[in-house]
Amino acid sequence: MGAIMIRCPATNELIPVGIDTDKDTFQALPDVEASPVRCPACGGQHTWSKRDAVLETTMRLSPRQIPVREAD
Ligand SMILES: [Zn+2]
């Protein structure tokens with residue numbers, strides 16, 4: 001399992017989109033625009049698609065530092 005991450009266009013930091021998945025599921029995702037994600041780096045909202053995203057697995061070493069997506 002890993003966290004889907006995108007790069008913030010304002011700060012160039014990798015930020016989590018709030019979705020954890022495994023590599024096979026990630027690769028099977030359609031390349032469509034996803035719901036906007038609130039960015040913990042710049043405070044804005046970013047839309048993203050699979051081509052912008054990476055699957056970050058090393059972050060599992062410090063899961064408490066991954067912001068959890070709040071329920072709507
Ligand atoms: Zn941002």
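Visitor: Which residue is the bridge partner of Arg-7 in E2?
Guide: Leu-14 is the partner of Arg-7 there. Strands are DSSP runs of E, at least two residues, numbered from the N terminus.

Visitor: What kind of model is this?
Guide: This is a predicted model: local features need pLDDT of at least 70, side-chain atom pairs count only at pLDDT 80 or more, and totals for chains, interfaces and linings use all residues. Residues are numbered from 1 along each chain as its sequence is written.

Visitor: Back to E1 and E2. In what sense do they pair, and over how many bridges?
Guide: Antiparallel, over five bridges, with E1 at residues 2–7 and E2 at residues 14–21. Pairing requires that DSSP finds at least two bridges between the strands. Gly-2 has Thr-21 as its bridge partner in E2.

Visitor: Which residue in that hairpin takes a positive phi?
Guide: Asn-12, near 65°. The hairpin has six residues between the strands.

Visitor: New topic: E5. How many bridges does E1 form with E5?
Guide: Four, again in the antiparallel sense. Ile-4 has Leu-55 as its bridge partner in E5, a strand of residues 53–56.

Visitor: Why is Leu-55 classed as partly exposed?
Guide: Because 17 other C-beta atoms lie within 10 Å. Buried takes 20 or more within 10 Å of a residue's own C-beta, exposed 12 or fewer, and partly exposed is in between, with C-beta atoms placed from the backbone.

Visitor: What does Leu-55 touch, not counting residues up to four places away in sequence?
Guide: Gly-2, Ile-4, Lys-23 and Phe-26. Contact means C-beta atoms, placed from the backbone, within 7 Å.

Notes. Two residues are in contact if their C-beta atoms, placed from the backbone, lie within 7 Å.
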